[in-house]
Amino acid sequence: TYAGGVLTIQGTPTVSGTFIYTINPAGPCPYPGVPITGTITVDNDATIALNSGPGTDNQEKCVNNAITNIDYLVGGGGTGAAISWTPSTPAGIIFTPIGGGIYRLSGTASVSGTFTYTVSTLGPCLKPSLGGTLNITPDLTVTLRAGDNANQTVCINNAIVNIRYDIGGSGTGGTVSGLPTGIT
């Protein structure tokens with residue numbers, strides 16, 4: 001707009017790109033100077049999308065077992081990606097750029113726990129993020145209780161002393177095979 005001797009360029013861009021503009025002054029006499037130009041560069045907002053199979057952003061794995069690779073595609077005006085973890089980065093899990101705007105979460109967790117992550121886009125404009133959870137379950141453990149005897153010799157028709165095992169880690173129960181009739 002022109003008002004009071006000032007030509008004002010203003011507004012909110014609705015498309016991205018690089019726009020070179022030229023000032024064409026108007027009046028009764030010709031403009032003797034070189035055309036005046038400027039450039040307005042409009043960046044896109046960043047975009048991010050899960051770029052691997054459905055459901056891979058939330059995984060449950062046993063400790064020391066590789067997770068299924070989780071790929072995120074950063075596009076639009078995104079210039080990169082960063083990851084943050086709660087409560088901490090699980091040892092053995094890495095986040096790396098693999099090219100073409102793809103960032104990969106991969107590896108083998110050597111610790112158990114629930115680890116929540118957020119992948120945030122980088123760039124000059126709106127920076128969306130996505131995230132997920134890795135639930136790393138500890139290995140199953142079986143331990144003979146202190147004071148119990150796993151190897152007993154008894155006479156037929158006489159009771160054994162109870163033998164107890166603690167099931168821990170990711171254990172949810174157990175079965176026993178090879179017992180003589182009468183022992184459960």
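A residue counts as partly exposed when its relative accessible area lies between the 20% limit for buried and the 50% limit for exposed. L130 has a relative accessible area of 32%, so L130 is partly exposed. The structure examined here is a predicted model.

L130 belongs to strand β12. Residues up to four places away in sequence aside, L130 touches I48, A49, L50, Y72, Y117, T118 and V119. D57 is 73 residues from L130 along the chain, and their C-alpha atoms are separated by 9.1 Å.

T137 is also located in strand β12. Its relative accessibility is 14%, so T137 counts as buried. With neighbours within four places in sequence set aside, T137 is in contact with E60, K61, C62, V63, S112 and S170.

Strand β11 holds T116. With 36% relative accessibility, T116 counts as partly exposed. Beyond its neighbours within four places in sequence, T116 is in contact with S84, W85, T86, G132 and T133. T116 and N64 are 52 residues apart in sequence. The C-alpha to C-alpha distance between T116 and N64 is 18 Å.

The interior was examined next. In soluble globular proteins, nonpolar side chains tend to be buried together. The largest nonpolar core in this model contains 18 residues. Those that touch the most other members are I70, W85, I93, L105, Y117, V119 and L134. Two or more residues of this core come from each of β7 (70-76), β8 (80-86), β9 (93-99), β10 (102-107), β11 (113-122) and β12 (129-137).

I70 illustrates the contacts made by one of these core residues. Its neighbours within four places in sequence are left aside here. On that basis, I70 is in contact with L50, S52, T56, D57, Q59, Y103, R104, L105, Y117 and L134. Two of these partners, L105 and L134, are listed with I70 among the core members that touch the most others.

Aromatic rings were then considered. The count comes to 3 aromatic pairs. One of them joins W85 and Y117 in a tilted arrangement. The ring centres of W85 and Y117 are 5.3 Å apart, with 50° between the planes. W85 lies in strand β8 and Y117 in strand β11, so this pair ties together parts that are 32 residues apart in sequence. Both W85 and Y117 are buried.

F95 and Y103 form another aromatic pair, and this one is stacked. Here the centre-to-centre distance is 6.0 Å and the angle between the planes is 20°. F95 and Y103 are both buried. Y72, W85 and Y117 form one aromatic cluster.

Rolling a probe the size of a water molecule over the atoms shows where empty space is left. The largest pocket has a volume of about 680 Å³. Its lining comprises 26 residues. I163, V176, L179, I183 and T184 lie nearest the centre of this pocket. By class, 14 of the lining residues are nonpolar, 11 are polar and 1 is charged.

Definitions and conventions:
Residues numbered from 1 in each chain as written. Predicted model: local features only at pLDDT ≥ 70, side-chain atom pairs only at ≥ 80, totals over all residues. Heavy atoms only, no water. 1 Å grid on protein atoms, 1.4 Å probe; cavity = no way out; pocket = protein on both sides within 12 Å on 5 of 7 lines; lining within 4 Å. Points joined across faces, edges and corners; volume = space filled by probe spheres on them. Nonpolar A, V, L, I, M, F, W, Y, C, P; charged D, E, K, R; others polar. Core = buried A, V, L, I, M, F, W, Y, C linked by side-chain atoms within 4.5 Å. Buried < 20%, exposed > 50% of the residue type's maximum accessible area, 1.4 Å probe, protein only. Helix = DSSP H or I, 4+ residues; strand = E, 2+ residues; numbered from the N terminus. Contact = heavy atoms within 4.5 Å. Phe/Tyr/Trp six-rings, centres within 6.5 Å; stacked < 30°, edge-to-face > 60°.
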